[in-house]
Amino acid sequence: MKVKIPNIEKNQFLDEIGDIARFTARFFREVSKPKQEYREFINQCFSIGYKTLTLVGVTAFIMGLVLTIQSRPTLVEFGAESYLPSMVSVSLIREIAPVITALICAGKIGSGMGAELGSMRVTEQIDAMEVSGTNPFKYLVVTRVMAATLMVPVLSSLANAISLYGGYLGVNIRGQVSWHLYWFQVFGVLDFSDMLPSLIKTFFFGFAIGIIGTYKGYNSTKGTEGVGRSATTAVIVASLLVFIIDLIAVQITDILGLT
Amino acid sequence: MERALKPVIEVKNVNKSFGENHVLRDFSMEVVPGENLVILGKSGSGKSVLIKCIIKLMQPDSGQIVVLDEDINGLDQEELDKLRAKVGFLFQSNALYDSMTVRENLEFPLRIHWTKEEREKNAESAVLEALEDVGLLHTVNMMPSELSGGMRKRIALARALILKPSVILYDEPTTGLDPITAREISELMVSMQKKYNATSVIISHDMNCIRITSNRVIMLIEGRRYADDTYENLRLSKDPKIREFFD
């Protein structure tokens, strides 16, 4: 049976995409203008980076530990236990650590931005900013998107290191691999083409999380209910975008022969 | 004499709709210097939309708005920001920045309109003077969440006044306050208007506030100017639509 999608839903979806594109274009216009809000940018870097570090760190550590423990039986079955550090490091650095970090950030930062800006919108704080002569888009949106774009790669790099440490402990729960041998195997298998694409895509993850979080909050309507909806949809859309960007990044690295 | 009475705000044939809902219909008014004009109307009658059009937080569909001799539709962003420095706005919800202290809230408008040297030299005294005016000097380092509704309203008023504006726009200044605090805020508005010799446009349906603050009242019904007179004359009116507000 053919399901007919009502036109109104299709139109809303396309409208939303158009609005996000316009919002992103405005971001680039405002970024290129002089007089940036550097102080607020630093505050946002602290808020996004430092305050998310514990959550990202703990998750990364558990991720490295669990991946190692779960992978061991399969490798043992094929007599390839000695490849455990190499396999874990490639999996973590290329894919798992950046994506999991981005998803955590989409949850924490995306919802935070959606709720904060949404609340500022419905309580007229954004209007008050505009009346006082401050460009609220530059003060609230540009600073947060820039901070997210910069801090998600930093968090992801730290998550890489912490998850590899978790992997080291995971390897040594059942086996015995020295500190030096573990890191020798980890870095022996990692290549420039493993780390650079992985780092570059985290900038795009951060940008997408920042844009979606601020877009949803900045355009929040309908009171407190709207604030809740902004926060929730910011997480959903940002998480979805992380996967879409990851898919595109994989295709590009594949085309460029970096796999 | 004619020059002294030149309007500070002129609203000419303004229309504003949201879809099928016509909020303002061919609305016109003038506000002369030193006047305290109240716009009275039921909820949803277009009062807040009008005041937001005056400060260009909303764009009218048609018509002209002139504030302090500037046609606001013809202003670029920089000119609009300069004009806005001369217009204070007290929001219905106070709109204090939650993440900032009272001091930072009051300093916020200064960061754009004053130079760094001016801020370093005069910001502290300007903040303290504004807080003293509203009787809340002790709250300077407190967060908005630590203040009562009446205190938040006073701080919002202090922020609206910190640049010593020529025009002050009040959007329902006493909504949500108890009668005693509402009266205190109304009296404070009058004293601030006298101190700064400012012109005020007050959006309200609080009859006590209107009685205390107004020189003239415009009654807005279904987006049109229904009546324009003093509070006393309106109070004595026998028109049933006007009586609804007083009975």
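## Transmembrane annotation in chain A

Let's start with what the record says about chain A: an unreviewed UniProt entry puts the annotation "transmembrane region" on residues 48-69, 145-165, 199-218 and 230-252. Keep in mind that what you're looking at is a predicted model.

Two of those stretches can be checked against the coordinates. Residues 48-69 of chain A come out as 100% helix and 0% strand, with 31 Å between the end C-alpha atoms. Residues 230-252 of chain A are also 100% helix with 0% strand, and here the end C-alpha atoms sit 32 Å apart.

## A helix pair in chain A

Next up is a helix packing. In chain A, helix α3 takes in residues 84-122 and helix α5 takes in residues 136-174, and their axes come within 7 Å of each other. They cross at roughly 145°, and the crossing of α3(A) and α5(A) is right-handed. As for what lines this contact, α3(A) and α5(A) bring 19 nonpolar residues to it, along with six polar and one charged.

## Chain B as a fold

Over in chain B, the secondary structure count is 10 helices and 10 strands. The C-alpha trace of chain B spans about 55 × 45 × 40 Å along its principal axes. Does that go with a compact or an extended chain? What radius of gyration would a compact globule of 247 residues have? It would be near 18 Å, and chain B has 18 Å, so the value agrees with a compact globule.

Inside chain B, 41% of the 247 residues count as buried. If you take the contacts in chain B with a separation of 6 or more, 67% of them link residues 24 or more positions apart.

UniProt, again through an unreviewed entry, places the feature "domain: ABC transporter" at residues 9-247 of chain B. Across residues 9-247, chain B is 39% helix and 26% strand, and the end C-alpha atoms are 31 Å apart.

## Where the two chains meet

How many residues of chain B are in contact with chain A? There are 14 of them, and they touch 10 residues of chain A. On the chain B side, α2 (77-84) and α4 (110-113) each supply at least two of the residues that touch chain A. By class, that side of chain B splits into 10 nonpolar, two polar and two charged residues.

Notes:
Residues numbered from 1 in each chain as written. Chains lettered and ligands numbered in written order. Predicted model: local features only at pLDDT ≥ 70, side-chain atom pairs only at ≥ 80, totals over all residues. UniProt positions renumbered as here; feature names shortened; annotations may be inferred. Helix = DSSP H or I, 4+ residues; strand = E, 2+ residues; numbered from the N terminus. Axes fitted to C-alpha atoms, helices over the stretch in contact; angles between N-to-C directions. Left-handed = near helix turned anticlockwise from the far one by under 90°. Nonpolar A, V, L, I, M, F, W, Y, C, P; charged D, E, K, R; others polar. Rg over C-alpha atoms; globule rule 2.2 N^0.38 Å. Buried ≥ 20, exposed ≤ 12 C-beta atoms within 10 Å, placed from the backbone. Contact = placed C-beta atoms within 7 Å.
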